[in-house]
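Subject: A structure for you, with notes

Hello,

I am handing over the structure we talked about, with the sequence alongside. Please have a look at it first, and then read on for my notes.

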Amino acid sequence: MRYVKLGSSGLKVSRICLGMMSYGDPASREWMLREDAAEPIVRRAVEAGVTFFDTADMYSDGVSEEITGRLLAKLFARRDDYVLATKVYFPTGPGPNDRGLSRKHVLAGIGASLTRLGTDHVDLYQIHRWDHETPIEETMEALHDVVRAGKARYIGASSMYAWQFAKAQHVAEANGWTRFVSMQNHYNLVYREEEREMIPLCLDQGVGVIPWSPLARGLLSGSRARGGERRTVRTGSDPLAETMYEDADFDVVDAVCTVAAERDLPPAQIALAWLLGRPGVSAPIVGATKVGHLDDAIAAVEVCLSEAETARLEAPYRPHRILGHS
């Protein structure tokens with residue numbers, strides 16, 4: 001495993017982040033794994049040198065955080081041996097204040113997450129989306145107070161427009177508050193709209209990019225086919241993917257498969273190798289429901305694509321409407 005600094009911060013993370021959304025209660029998502037089924041995958045990650053783990057308070061109604069906390073405590077000798085990230089924004093209860101980025105919900109959210117995770121701090125506390133109903137000044141001050149209280153070491157953000165991210169950073173800087181060190185955005189070979197504004201902004205500001213859905217919800221690994229065929233449990237029960245990607249995106253998938261066949265490698269390794277080679281990308285967030293999924297991600301760290309291969313992979317791209325901000 002290789003390690004890099006998260007943006008210009010001093011925090012070092014493994015080049016692969018294991019996304020923990022896949023672990024929770026199958027009653028909430030058919031493809032989710034219970035703790036006993038998740039443990040061999042997380043154990044393999046730890047043995048391979050993965051030290052970066054990402055979850056959120058809303059994944060499986062908090063069960064993902066509970067599983068994450070128990071497994072990491074079991075598999076690591078010390079709390080300081082791994083980097084733990086979670087997120088706040090989406091509803092975690094029925095009340096009007098059980099959602100969003102108000103001071104009330106941010107402070108309640110970090111407390112509840114720490115309880116479920118079984119730790120006194122997270123290393124990276126992220127806002128899951130932009131809150132149109134709360135002044136960004138209120139949110140940034142609350143996040144600063146979370147850091148000052150020692151409940152988070154760093155803060156990060158997830159999918160939003162570049163102007164919103166720039167505004168949040170400006171508000172923090174103007175008031176002497178904690179700035180974001182990372183951007184968890186939707187970015188992969190079939191969705192590259194982030195290259196227009198967000199990634200240049202992150203490069204300019206020294207913000208680490210940690211993309212979600214690096215394989216386009218399985219599209220780039222071959223779990224979907226033209227004409228609607230679904231080859232895995234997740235692709236058969238993932239309605240969101242139906243609204244995000246189009247038949248034209250299979251032109252990119254075909255390019256990935258061609259390069260992969262020439263290299264005698266799985267398509268997932270080629271798609272992840274491309275993303276790992278993009279400017280500003282610190283660590284793609286990889287979900288895994290099988291040990292083989294994780295092995296592909298780990299192997300991708302050592303795959304170097306030529307300029308010609310990269311050009312072939314990028315050539316079929318077609319612009320998309322903005323996806324992943326809601």
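First, the ground rules. This is a predicted model, so I kept local features to pLDDT of at least 70 and side-chain atom pairs to pLDDT 80 or more, while totals for chains, interfaces and linings use all residues. Residues are numbered from 1 along each chain as its sequence is written, and side-chain values use heavy atoms, with hydrogens and water left out.

Helices and strands are DSSP runs numbered from the N terminus (H or I over at least four residues for helices, E over at least two for strands). Buried means under 20% relative accessible area, exposed means over 50%, and partly exposed lies in between, with a 1.4 Å probe and protein chains only. Contact means heavy atoms within 4.5 Å.

**Helix α8 and its two partners**

Axes here are lines fitted to C-alpha atoms, for helices over the stretch in contact, and angles run from 0 to 180 degrees between N-to-C directions. Helix α8 (residues 250-263) packs on helix α9 (residues 267-276) at an angle of about 110°, with the axes 8 Å apart. That makes α8 roughly perpendicular to α9 (angles of 65 to 115 degrees count as roughly perpendicular, under 35 as roughly parallel, over 145 as roughly antiparallel, and the rest as oblique). From α8, the contact uses V256, C257, V259, A260 and R263, and these meet P267, I270 and A271 of α9. Sorted by class, that contact has seven nonpolar, no polar and one charged residues. For the classes, Ala, Val, Leu, Ile, Met, Phe, Trp, Tyr, Cys and Pro count as nonpolar, Asp, Glu, Lys and Arg as charged, and the others, Gly among them, as polar.

The loop between α8 and α9 holds D264. Its phi is near 55°, a positive value in a residue other than glycine, and D264 is exposed, with a relative accessible area of 70%.

The other partner is helix α11 (residues 307-314), which packs with α8 at an angle of about 150°, again with axes 8 Å apart. That makes α8 roughly antiparallel to α11. Here α8 contributes V252, A255, V256, T258, V259, E262 and R263, and α11 contributes E309, R312 and L313. By class, this contact has five nonpolar, one polar and four charged residues.

Within α11, E309, T310 and L313 are buried. Seen down the axis, they fall within an arc of 100°, so they line one face of the helix; the arc is that of the directions from the helix axis to the C-beta atoms. The buried residues of α11 pack against α8 and α9, while E307 and A308 are exposed on the other side.

**Helix α3**

Helix α3 (residues 103-117) has 15 residues and reaches 21 Å from its first C-alpha to its last, close to the 21 Å expected at 1.5 Å a residue (the expected span is 1.5 Å times one less than the number of residues). Which of its residues are buried? They are H105, V106, G109, I110, S113, L114 and L117. These cover an arc of only 160° around the axis, which puts them on the same side of α3. What covers them includes α2 (63-75), β5 (83-88), β6 (122-127) and α4 (136-148). The face turned away from that buried side carries the exposed residues K104 and T115.

After α3 comes G118, with a positive phi near 70°. The loop between α3 and β6 also contains H121, which counts as buried at 4% relative accessibility. Leaving aside neighbours within four places in sequence, H121 is in contact with R79, L114, G150, K151 and R153.

**Other loop residues**

G24 sits in the loop between β3 (17-19) and α1 (35-47) and counts as buried at 4% relative accessibility. Beyond its neighbours within four places in sequence, G24 is in contact with M32, L33, R34, S60, V63 and I67.

In the loop between β4 (52-54) and α2 lies D61. Phi of D61 is near 55°, positive in a residue other than glycine, and D61 counts as exposed at 71% relative accessibility.

Finally, S213 is in the loop between β9 (208-209) and α7 (239-244). S213 is buried, with a relative accessible area of 12%. Its contacts, leaving aside neighbours within four places in sequence, are H186, Y187, N188, Y245 and I285.

Best wishes
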